[in-house]
Amino acid sequence: MTPELIGLLHDFAFLYPLLMSYVWMAGGTYYYFHYERRDRALLGSVPVIRDRGVSIVIPCYNEEDNVRETVHYACQQNYPLFEVIAVNDGSCDATGAILDELLERYPQLRVIHLQENQGKAVALTTGAQLARYEYLVCIDGDAILDPNACAWLMRHFEMGARVGAVTGNPRIRNRSTLLGRLQVGEFSSIIGLIKRAQRTYGRIFAISGVLAAFRRTALQEVGYWSHDMLTEDVDISWKLQLAHWDVRFEPYALVWILMPETLHGLWKQRLRWAKGGAQVLLKNWTMFRHWRKRRMWPIYFEYCFSVLWAYSMVFIFLLWLIGKFWLLPPEWRVDSILPGWTGVVIGTTCLIQLAVSKWLDAPFDVHLTRNYYWMIWYPLAYWVMGMLTTAVAVPSVLLFERNRRARWTSPDRGLRAPAR
């Protein structure tokens with residue numbers, strides 16, 4: 001390997017996250033002024049919409065600790081016409097019995113029991129096919145839905161006949177540990193900001209599986225969710241957009257969620273996300289044969305560059321580690337992996353990005369300020385976790401994860417926090 005190539009890897013490892021931060025901030029800021037600002041006066045109220053029926057679909061697997069709360073808030077929607085469909089996907093705990101008990105309390109609730117665990121994609125497809133209405137709002141079995149979420153999501157379907165899906169704005173409930181507080185920053189400075197930016201630039205890489213609305217006609221056209229994809233939300237986003245359906249982001253459609261608060265739980269979740277992203281890349285590379293699908297090319301390349309960045313970081317780390325025990329040529333040596341002046345530049349950019357995201361999301365989350373200090377540590381945790389999970393996920397998908405049924409496992413949901 002030549003010294004020039006080593007230098008190029010170092011430059012790429014430094015410049016890529018720096019460039020993307022400013023791309024996201026520019027796109028997110030434009031989104032706010034072009035789409036979001038005019039709606040600030042309506043925050044906390046219900047948008048005026050026509051009476052289009054909505055089916056709220058809740059796939060459940062071993063959710064005995066959360067399902068009562070989830071169903072309760074789903075049934076409190078400020079929306080004129082809706083039903084709630086809970087799909088018990090072969091749970092091994094008391095989820096099915098609890099859902100049957102809730103039938104007597106909530107007249108909007110319908111319960112579907114699947115005999116065996118088939119995976120979230122099958123549970124979602126079952127609920128969608130048995131729904132009464134054309135429009136579906138899909139949430140997770142531990143999600144707390146804001147009372148106005150359906151109304152905010154549905155207004156997009158009234159704006160355009162080619163709107164196939166709308167993704168909502170997840171907020172973190174559990175913030176009692178460092179990992180929980182770091183993820184507050186992630187969902188604002190990374191996930192929320194990226195969705196705004198991607199919507200500005202044309203296409204969204206992934207809807208949030210914890211809250212998304214769909215037009216059933218669009219789902220039928222693309223064959224619903226794929227049962228062999230580890231991240232069904234990423235896959236359905238690509239299927240819809242490659243079929244020329246519009247996918248949008250609605251920051252005012254809020255949902256409160258539980259996230260892992262142990263390193264083991266966080267690793268399992270992020271590894272699954274990384275594998276799902278790799279599966280989508282492998283599945284959709286043939287789109288470059290079709291000029292009509294060119295609007296998806298930028299987000300495909302963006303993800304490819306993120307994979308390349310992860311392996312560049314792994315390579316640099318290995319050079320540093322090997323250099324501690326063996327003599328390497330001078331041009332190969334990495335003297336330190338501790339941040340120097342480049343770390344100061346990236347850290348300053350991170351703080352700017354966090355400030356921008358805090359400004360954008362402050363109306364939805366009054367507690368963002370108290371978590372700002374903890375967010376400073378987020379880039380280190382996020383980049384290390386992203387680097388490692390990507391490095392493991394790509395070969396795993398290539399060798400082991402193709403054409404296999406994706407089934408549920410009970411995730412780490414952290415320490416419970418009261419609903420808001």
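Biologist: In this predicted model, which residue of β7 does T167 stand opposite?

Modeller: The model is predicted, and in it strand β6 (residues 163-172) is joined by three bridges to strand β7 (residues 211-215). These two strands run antiparallel. Within β7, the residue opposite T167 is A212.

Biologist: Which residue of β8 does T167 stand opposite?

Modeller: β6 also pairs with strand β8 (residues 246-257), in the parallel sense and over eight bridges. Strands of a sheet pair through backbone hydrogen bonds, either parallel or antiparallel. In β8, the residue that T167 stands opposite is F249.

Biologist: How many of the ten residues of β6 are buried?

Modeller: Buried here means under 20% relative accessible area. Strand β6 is largely enclosed by the rest of the structure, because the number of its ten residues that are buried is ten.

Biologist: Which strands stand at the edges of the sheet?

Modeller: Eight strands form an open sheet with mixed pairing, in the order β3-β2-β1-β4-β7-β6-β8-β5. An edge strand here has a single partner strand, so one side of it is left without a neighbour in the sheet. The strands in this position are β3 and β5.

Biologist: At about what angle does helix α5 run to β8?

Modeller: Helix α5 comprises residues 149-159 and lies across β1, β4, β5, β6, β7 and β8. Helix α3, by comparison, lies across β1, β2 and β3 and runs at about 155 degrees to β3. For α5 and β8, the angle is about 175 degrees.

Biologist: Why are the buried residues of helix α2 placed on the same side of α2, and what arc do they cover?

Modeller: In helix α2 (residues 67-74), the buried residues are V67, T70, V71 and A74. They lie on the same side of α2 because the arc they cover around the axis is only 95 degrees.

Biologist: What covers the buried residues of α2, and which helix is included?

Modeller: The covering elements include the strands β1 (54-60), β2 (82-89), β3 (109-114), β4 (135-139) and β5. The helix included with them is α3 (95-102).

Biologist: Which element gives the largest share of the lining of the largest cavity?

Modeller: The structure holds one cavity of 30 Å³ or more, and about 70 Å³ of space lies in the largest cavity. Of the 14 residues that line it, the closest to its centre are L124, C138, G209, F214 and W225. The elements that give two or more residues to this lining are α4 (120-129), β4, β7 and α8 (232-242). The largest share, three residues, comes from α8.

Methods
Residues numbered from 1 in each chain as written. Predicted model: local features only at pLDDT ≥ 70, side-chain atom pairs only at ≥ 80, totals over all residues. Heavy atoms only, no water. Buried < 20%, exposed > 50% of the residue type's maximum accessible area, 1.4 Å probe, protein only. Helix = DSSP H or I, 4+ residues; strand = E, 2+ residues; numbered from the N terminus. Pairing = 2+ DSSP bridges. Arc of directions from axis to C-beta. Contact = heavy atoms within 4.5 Å. Axes fitted to C-alpha atoms, helices over the stretch in contact; angles between N-to-C directions. 1 Å grid on protein atoms, 1.4 Å probe; cavity = no way out; pocket = protein on both sides within 12 Å on 5 of 7 lines; lining within 4 Å. Points joined across faces, edges and corners; volume = space filled by probe spheres on them.
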